[in-house]
Amino acid sequence: MQCKSCGTELPKKAKICPKCGALNGKPAGNTRYLAIIGMVIMLIGGLLPFAKSNETLMDGYTPKAYSFGFMNISVIAMWYIFMLILVAGILLVVAKKEKLSIITSVAATAVAFISMFAFQFTSADGKTKTGALKYVYHNISDLLSNGYNGNSYSVGSGVYVIIIGLIVAIVGVFWDVVKIFKKDLGVDTKYLSNTLNQNIGQKMFYYRGFYLMFLPVLVMVLLFFYWPMLGCRYAFTSYVLANPYYIGVFHFQTMLKFDTFFWAAFRNTLVLSIVKLILNTGAAVIISLLLNEITNMAFKKTVQTIVYLPHFMSWVVVAAVFKVILSVNSTGVVNGALINMGLINSPIDFLGSSKYWTGTFFVMNIWKDTGWGTILFLATLSGISPDLYEAAQIDGANRFKRLIYITLPALANTIITVFILNLAKVMNLFESVFVTQSAGTYDVSQVLQTYIYNKTFSASFSDYGYTTAVGLFKSFVGMILVLGCNYASKKVRGRGIV
């Protein structure tokens with residue numbers, strides 16, 4: 001007898017799979033995700049205001065006592081301790097030490113509330129004679145009761161979010177601990193897999209050599225991938241060199257309510273990415289079908305090589321080539337041909353006009369990336385049994401019907417899979433747009449990545465806090481797309497992408 005969930009061979013009369021914990025053939029739910037979600041909510045709460053002024057803060061504001069968050073604390077080490085405890089709690093849950101993770105959740109909450117009432121918080125109130133920000137110190141309990149400079153204060157959203165996260169984390173942990181299949185598996189222990197009869201410490205000691213080899217890689221990953229993530233905190237600050245000033249969620253309010261350029265860039269990102277994905281996937285399928293029909297192997301390999309070559313060219317080179325080909329000067333091949341054919345009277349600025357830039361951008365992407373995209377489809381086509389084509393041909397099916405009833409159905413699963421995997425990357429559009437856009441095409445070519453770049457490095461006054469907030473929002477949307485694509489991939493392929 002085999003488990004219907006994971007295919008593991010089950011001992012006789014076993015109602016529960018010793019490997020995956022499936023009960024009566026149904027996969028066991030992993031409620032540990034609930035505990036992790038609760039701790040992530042607490043992490044977010046540590047970035048939100050603990051106390052908030054009722055005053056409305058608009059663009060061009062003078063820094064003053066507006067909102068106070070954990071990052072305003074005079075002893076910033078307390079904020080780092082809070083974050084580290086929560087990260088440790090998440091790792092404990094992953095290591096199946098759920099009960100210990102309750103301690104970390106409560107400890108993080110205790111650190112937050114002790115910090116609120118035992119330490120002072122700083123705010124900027126005007127500037128000194130030298131032009132530097134003038135900082136004043138407040139106790140949050142006094143601030144909530146007495147206010148400051150005539151402004152009344154209320155409990156900020158950060159406090160409520162931390163409490164909600166704590167409740168979710170504890171509920172998730174207890175829910176996981178008391179699951180029925182954890183009490184008694186009803187299986188002899190000799191049949192249990194290492195995931196159920198060994199703790200994480202025993203596994204690490206047994207595989208200590210592999211962990212030692214992995215240690216340098218782990219250090220590099222922590223330094224270059226996770227340590228920079230601490231920079232997300234600047235999304236909640238007005239960035240002042242060497243001393244950022246915390247302003248809560250003001251950047252997000254400005255971005256979502258007032259910044260029309262942000263919404264234009266967001267719309268352009270979605271339109272350009274999704275249309276490019278559809279066109280590239282469709283073109284790759286068509287070219288794959290055409291290549292599959294070539295019987296001369298030498299000619300087929302030559303065509304494949306020519307089609308693949310543009311993928312290995314950088315976007316800088318591709319943009320330079322197309323700018324020469326589409327030039328409005330006498331060197332422009334396309335404009336010269338159209339004028340000689342009498343189709344146009346004056347040259348068209350394909351890359352400098354909003355009217356033509358979008359179509360030109362799609363053509364460039366198809367030319368560069370389509371050949372590389374045919375690899376998966378050609379592999380799928382080569383795996384189709386020739387017997388199917390022979391049987392269809394004997395039954396009188398012509399080439400078109402064999403394409404419709406055999407080839408395309410065999411490609412359907414691969415097409416959907418490729419589309420889903422690439423959909424998770426739609427927010428990462430930068431280089432191909434950056435090297436082709438100009439001031440005259442910003443209304444159709446400005447995407448989130450170029451918007452962040454231009455606002456950070458090209459503006460007369462760069463607000464790194466605001467651009468960090470835009471980048472954080474982009475990452476959040478990308479995360480939603482990845483999770484959605486992962487769910488869709490499970491439905492289509494039977495397994496996720498992450």
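These legends walk through several close-up views of one predicted model.

The model is predicted, with local features requiring pLDDT of at least 70 and side-chain atom pairs counted only at pLDDT 80 or more, while totals for chains, interfaces and linings use all residues. Residues are numbered from 1 along each chain as its sequence is written, and side-chain values use heavy atoms, with hydrogens and water left out.

**View 1. The whole chain, to get your bearings.**
The protein chain holds 21 helices and seven strands. Here helices (H or I, at least four residues) and strands (E, at least two) are DSSP runs, numbered from the N terminus. Of its 498 residues, 38% are buried; buried means under 20% relative accessible area, exposed means over 50%, and partly exposed lies in between (1.4 Å probe, protein chains only). Among contacts in the chain with a separation of 6 or more, 66% join residues 24 or more positions apart, where contact means heavy atoms within 4.5 Å.

A nonpolar core is a set of buried Ala, Val, Leu, Ile, Met, Phe, Trp, Tyr and Cys residues joined through side-chain atoms within 4.5 Å. The largest one has 53 residues, and its members F70, F82, F236 and V470 touch the most other members. Helix 2 (residues 77-94) supplies the largest share of this core, eight residues. Take a look at F82: leaving aside neighbours within four places in sequence, F82 is in contact with M42, G46, F70, A108, V111, A112 and I162. A second, separate core has 19 residues, including V318, F350, L351 and M364. As background, nonpolar side chains tend to be buried together in soluble globular proteins.

**View 2. Helix 15 crossing helix 17.**
Helix 15 (residues 354-382) and helix 17 (residues 399-423) have axes that come within 10 Å and cross at roughly 145 degrees. Axes are lines fitted to C-alpha atoms, for helices over the stretch in contact, and angles run from 0 to 180 degrees between N-to-C directions. This crossing is right-handed; a crossing is called left-handed if the near helix is turned anticlockwise from the far one by less than a right angle, and right-handed if clockwise. From helix 15, L376, F377, T380 and L381 meet T407, A410, L411, T414, I415 and V418 of helix 17. Seven of the residues in this contact are nonpolar, three are polar and none is charged. In this sorting, Ala, Val, Leu, Ile, Met, Phe, Trp, Tyr, Cys and Pro count as nonpolar, Asp, Glu, Lys and Arg as charged, and the others, Gly among them, as polar.

**View 3. Helix 11 crossing helix 17.**
The axes of helix 11 and helix 17 come within 11 Å, crossing at roughly 145 degrees, and the crossing is right-handed. On the helix 11 side you will find L277, I278, T281, V285 and L289, while helix 17 brings L403, T407, L408, L411, I415, F419, N422 and L423. By class, this contact has ten nonpolar, three polar and no charged residues.

**View 4. Two salt bridges.**
A search of the whole structure finds two salt bridges, each a side-chain nitrogen of Lys or Arg within 4 Å of a carboxyl oxygen of Asp or Glu. One joins R399 and E293, with the closest N and O atoms 2.2 Å apart. R399 lies in helix 17 and E293 in the loop between helix 11 (260-292) and helix 12 (297-308), so the pair ties together parts that are 106 residues apart in sequence. R399 is exposed at 54% relative accessibility, whereas E293 is partly exposed at 43%. The other bridge links K368 with D369, the closest N and O atoms being 3.9 Å apart. K368 is buried at 6%, and D369 is partly exposed at 21%.

For the contacts listed here, residues up to four places away in sequence are left out. T374, in helix 15, is buried at 0% relative accessibility and touches A284, I287, S288 and Y308. N268 lies in helix 11, is buried at 7%, and is in contact with Y442, D443, V444, S445, Q446 and V447. Q437 sits in the loop between helix 18 (431-434) and helix 19 (442-445) and is buried at 13%. Its contacts are W357, Y442, S445, Q446, T450 and N454. The C-alpha atoms of Q437 and W357 are 8.1 Å apart, although the two residues are separated by 80 residues along the chain.
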